[in-house]
2 protein chains.
Amino acid sequence: MKYRRVPDETIRRLPVYLRGAIYFSRQGMKSVSSEKLAGLVGVNSWQIRKDFSYFGEFGTPGVGYDIGTLIKHIQRILRLNVVHKAALVGAGNLGSALLAYPGFRMYGFEIAAAFDMDKRKVGKKRAGVVIEDMAKLRTLKARYIRLGIIAVPEEAAQDVADQLVLAGVKGILNFSPRYVSVPSKVKIITIDIAMDLACLPYYTPAG
Amino acid sequence: MKYRRVPDETIRRLPVYLRGAIYFSRQGMKSVSSEKLAGLVGVNSWQIRKDFSYFGEFGTPGVGYDIGTLIKHIQRILRLNVVHKAALVGAGNLGSALLAYPGFRMYGFEIAAAFDMDKRKVGKKRAGVVIEDMAKLRTLKARYIRLGIIAVPEEAAQDVADQLVLAGVKGILNFSPRYVSVPSKVKIITIDIAMDLACLPYYTPAG
């Protein structure tokens with residue numbers, strides 16, 4: 001199926017919908033209304049309907065969206081219908097948490113390699129993955145690993161990003177609380193854990 | 001200053017703008033255009049101008065927004081202009097990473113307490129915070145800790161959320177990859193690390 005060009009804002013919401021759809025699917029539901037999905041994921045139902053309109057018409061009035069179809073459509077648009085291998089750089093606390101994180105598989109991700117600067121960590125296993133020397137980053141291309149995850153201290157983040165780009169990585173998930181610059185052909189998503197927390201006080205006035 | 005009711009979607013973007021404004025401020029810049037901010041944070045400039053219109057008119061045509069004023073406005077709307085104490089539950093790899101995370105202070109957050117079920121961890125220090133027994137959660141209210149961070153395995157997440165609510169917490173940041181239900185008076189934000197990664201393959205087609 002060919003999809004119309006989907007706006008970035010919609011692309012950003014699709015994983016949220018996917019997660020909600022998987023949740024309902026696991027509860028044994030077959031279809032879901034945009035209102036019900038809206039209630040779960042915290043996005044307006046009109047926004048959901050507008051976003052889904054990019055996939056063509058597959059909702060049934062009064063019944064809602066077929067959950068299985070929805071999951072497949074979103075996975076196909078996001079190219080999550082194949083396994084994506086990612087390389088983790090930084091096997092400290094955060095890196096180890098990411099290696100053990102059960103959520104990646106839900107979206108078809110596999111952390112297939114892990115690297116650390118600390119020679120004492122090299123050769124050790126974390127969550128089934130052997131930690132490799134940073135010099136081995138250059139093997140990523142040959143191993144079909146096209147995504148990188150940066151979980152190093154912020155002062156090392158830019159250097160690691162540069163090395164990942166040199167190693168042929170096309171997408172980077174950056175957990176360092178700092179903007180990192182990469183060539184425009186490389187997509188970088190920076191996760192600022194504290195930033196997500198920054199919304200909370202708005203909703204929780206003291207008193 | 002009194003602000004008009006700001007939509008949730010705008011509230012969600014404000015921390016992104018704040019982070020960008022702080023970044024420019026640290027680079028010594030005094031003012032920034034919506035286009036320049038848009039380039040940094042990856043949101044359309046018209047969207048930024050629309051979002052900022054809720055603060056009243058403070059941009060200068062041809063010059064842009066005063067960065068100091070911008071930071072203050074956003075901090076005030078998000079109620080980040082005071083220190084917010086948070087309690088962390090779960091001092092495993094992820095919890096330890098969060099305790100050591102330098103980004104929280106940027107938004108006025110302080111992880112003031114940490115709890116773990118594992119009695120062997122209780123009494124030990126992580127990043128300057130002594131890990132306490134779960135039974136001590138009930139002291140949160142008296143300690144003016146109104147935010148909770150859940151960093152426990154997903155099967156324990158709902159139970160921990162219930163305990164945090166009982167302890168009087170008004171806002172929860174949930175790192176478990178599972179939806180957790182709380183009373184409507186409590187605001188919960190679920191961070192799904194893998195979900196953020198789920199956008200990447202869309203932008204990084206193979207080949």
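**Exercise 1.** In E3(A), which residue is the bridge partner of A:Ser31?

*Solution.* The model is predicted. Start with the strands. E1(A) runs antiparallel to strand E3, residues 64-66 of chain A, and two bridges join them. Now take A:Ser31. Its bridge partner in E3(A) is A:Asp66.

**Exercise 2.** Describe chain A as a whole.

*Solution.* Count elements: chain A has eight helices and 10 strands. Next, extent: along the principal axes, its C-alpha atoms fill a box of roughly 60 × 50 × 35 Å. Then burial: 42% of the 207 residues of chain A count as buried. Last, contacts: take those in chain A with a separation of 6 or more; residues 24 or more positions apart account for 55% of them.

**Exercise 3.** Characterise the side of chain A that touches chain B.

*Solution.* Begin with the totals. Contacts link 52 residues of chain A with 51 residues of chain B. Next, the elements. Those of chain A that give two or more residues include helix H5 (93-100), strand E9 (171-174), strand E10 (187-190) and helix H1 (8-26). H1(A) gives the most, with seven residues. Finish with class: this side of chain A has 37 nonpolar, six polar and nine charged residues.

Methods: Residues numbered from 1 in each chain as written. Chains lettered and ligands numbered in written order. Predicted model: local features only at pLDDT ≥ 70, side-chain atom pairs only at ≥ 80, totals over all residues. Helix = DSSP H or I, 4+ residues; strand = E, 2+ residues; numbered from the N terminus. Buried ≥ 20, exposed ≤ 12 C-beta atoms within 10 Å, placed from the backbone. Contact = placed C-beta atoms within 7 Å. Pairing = 2+ DSSP bridges. Nonpolar A, V, L, I, M, F, W, Y, C, P; charged D, E, K, R; others polar.
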